[in-house]
Amino acid sequence: MMIIMRESATDNDIDHLIEKVKEVGVDVHVSKGAFATVIGLVGDTIKARDLPLATFPGVERVVPILKPFKLVGREFHPSDSIVDVRGVKVGGNNFTVMAGPCSVESRDVYLDIAKFVAKTGAQILRGGAFKPRSSPYSFQGLGEEGLKIMAEARDVTGLPIVTEVMDARDVDLVVEYADILQIGARNMQNFTLLKYVGQANKPVMIKRGLSSTIEEFLMAAEYVVSGGNNDVILCERGIRTFETYTRNTLDLSCVPIVKKLSHLPIIVDPSHGVGRWDIVEPMSIASVAVGAHGLMIEVHPNPEEALSDGYESLKYDNFETLMKNVKQAVRVFGKGM
Ligand code: PEP
Ligand code: MN
C-alpha cells in the first residue's frame with residue numbers, strides 16, 4: 001500500500017501517520033519528491049488494513065498495490081533511477097557498455113583487454129574472479145588474486161569494475177575491490193546473498209535467473225532495495241527455452257516490460273544471452289532499439305584459449321565494429337554514451 005501525501009501536508013502530518021502505522025507493526029519507506037511525499041508500507045502490510053489512512057490529515061490518496069514489488073516499482077518512484085558508479089551514470093538517458101573477459105585469467109591478459117576495451121569506449125570493466133561453473137572440474141576463477149588484478153586495471157584505465165560475488169561469505173571481500181557487485185543468474189534467488197548485498201555500500205547488478213519470470217527478477221531486486229541498498233541495476237542475460245541454436249533465448253521483450261514496471265536501469269548481456277559470438281552484435285543493436293540502458297559484452301584477444309566462454313567472446317576487431325555500430329544506434333535512439 002502507498003500513501004500519497006498532499007503537497008500541503010506538514011511534517012507533523014507525515015510523522016503522525018508514520019507513528020500510527022508503526023504502532024500496528026508495519027514499517028515504512030518514505031520517498032520525498034519535489035511536490036509530494038509518498039509513504040510506502042513495507043513488510044506485513046496486512047496489519048495496517050484496518051487503519052482509516054485516507055482520513056488522516058495531509059493524505060491525498062491511498063493506493064493499494066497489487067504487485068508484489070513496491071520499492072522497485074514505478075508507482076512508488078515514477079522517474080528513472082540513475083545509479084552512479086564512481087561517476088559513471090547507469091540509467092535514465094545514459095547508455096553504458098560494460099566489457100571484458102568472462103574470467104580474469106592472468107594479470108597480463110586482463111590488463112591488455114582492459115586497456116583495449118577502455119580505448120574502444122567501454123565505460124565499465126567486467127571480469128570474473130569467482131566463477132559459477134557447471135562443472136567443479138572447470139576453471140573456478142582466481143579469487144582474491146583476480147580482484148587485485150581488476151583493481152589494478154581500474155587504476156590503469158580509470159574505469160570502474162564489475163565482478164560477481166557468488167557467496168554471502170565473500171561479500172565483504174568483494175566489496176573491498178569491486179565498484180559493482182554482480183549477482184549471477186544462478187544466484188538470483190539466493191535470498192541470503194541478496195540480503196547481504198542489500199546491506200553493502202556498493203551498487204549491485206542482478207542478472208536474470210535462467211528460469212525466472214520477470215516478476216521473480218524484480219522481486220530479487222526488491223530484496224536488495226528493501227535491505228537499504230537503492231543502487232540496483234538489472235541485467236537481462238537470456239532464459240532457458242527448448243531452442244538449441246543459442247545457449248539461451250535472449251528475452252528482449254523483458255526490457256520494455258521492466259521499464260514499464262520498474263524505475264531501475266536494465267542492461268542486456270547478449271554474450272551469455274545467445275552464447276555465440278557471431279550474433280552478439282545484432283542482438284546488441286536490438287538491445288539499444290528496445291530501450292536497454294546498456295550492454296555487458298565478453299571480449300577476449302584469443303577466444304580459442306579462453307578459460308571460460310570463449311565461444312561467445314568477441315575478438316578485438318569484432319568488439320571495435322560492435323562499438324562503432326552501437327554508438328550509431330545509441331545516437332539514432334536519442335541516448336547519450
Ligand atoms: C558472467 O557474467 O560471468 C556470468 C557467469 O553470467 P550469468 O550469471 O549470467 O551466467
Ligand atoms: Mn561468461
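**How the helices pack**

Modeller: Helix α9 and helix α10 cross in a right-handed way. This is a predicted model, where local features need pLDDT of at least 70, side-chain atom pairs count only at pLDDT 80 or more, and totals for chains, interfaces and linings use all residues. Residues are numbered from 1 along each chain as written, chains are lettered from A and ligands numbered from 1 in written order, and side-chain values use heavy atoms, without hydrogens and water.

Biologist: Why are α9 and α10 called roughly parallel?

Modeller: Helix α9 covers residues 280–289 and α10 covers 316–332; they pack at about 20°, with axes 9 Å apart. Angles under 35 degrees count as roughly parallel, over 145 as roughly antiparallel, 65 to 115 as roughly perpendicular and the rest as oblique. So α9 and α10 are roughly parallel. Axes are lines fitted to C-alpha atoms over the stretch in contact, and angles run from 0 to 180 degrees between N-to-C directions.

Biologist: Which residues of α9 and α10 meet?

Modeller: From α9 come V280, E281, S284, I285 and V288. From α10 come T321, L322, N325, V326, A329 and V330. Contact means heavy atoms within 4.5 Å. The contact of α9 with α10 has seven nonpolar, three polar and one charged residues. Here Ala, Val, Leu, Ile, Met, Phe, Trp, Tyr, Cys and Pro count as nonpolar, Asp, Glu, Lys and Arg as charged, and the others, Gly among them, as polar.

Biologist: How do you know that the buried residues of α9 line one face?

Modeller: V280, S284, S287 and V288 are buried. That term means under 20% relative accessible area, with exposed over 50% and partly exposed in between (1.4 Å probe, protein chains only). Seen down the axis of α9, these buried residues fall within an arc of 100°, so they line one face of the helix. The arc is that of the directions from the helix axis to the C-beta atoms. The buried residues of α9 pack against β13, α8, β14 and α10.

Biologist: What makes α6 oblique to α7?

Modeller: Helix α6 (residues 214–226) and helix α7 (residues 254–261) pack at about 50°, with axes 11 Å apart. That angle makes α6 oblique to α7. Their crossing is right-handed. I214, F217 and L218 of α6 meet C254, I257, V258 and L261 of α7. This contact has seven nonpolar, no polar and no charged residues.

Biologist: Why is α5 called oblique to α6?

Modeller: Helix α5 (residues 191–198) packs on α6 at about 40°, with axes 7 Å apart. That makes α5 oblique to α6. The α5 side of the contact has F191, L194, K195, V197 and G198; the α6 side has A220, Y223 and V224. By class, there are six nonpolar, one polar and one charged.

Biologist: Why does Y245 count as exposed?

Modeller: Its relative accessibility is 66%, so Y245 counts as exposed. Y245 lies in the loop between β12 and α7.

Biologist: What does Y311 touch?

Modeller: Leaving out residues up to four places away in sequence, Y311 touches R247, G275, R276 and W277. Y311 lies in the loop between β14 and α10.

Biologist: What counts as a helix or strand here?

Modeller: Helices (H or I, at least four residues) and strands (E, at least two) are DSSP runs, numbered from the N terminus.

How values were computed: Left-handed = near helix turned anticlockwise from the far one by under 90°.
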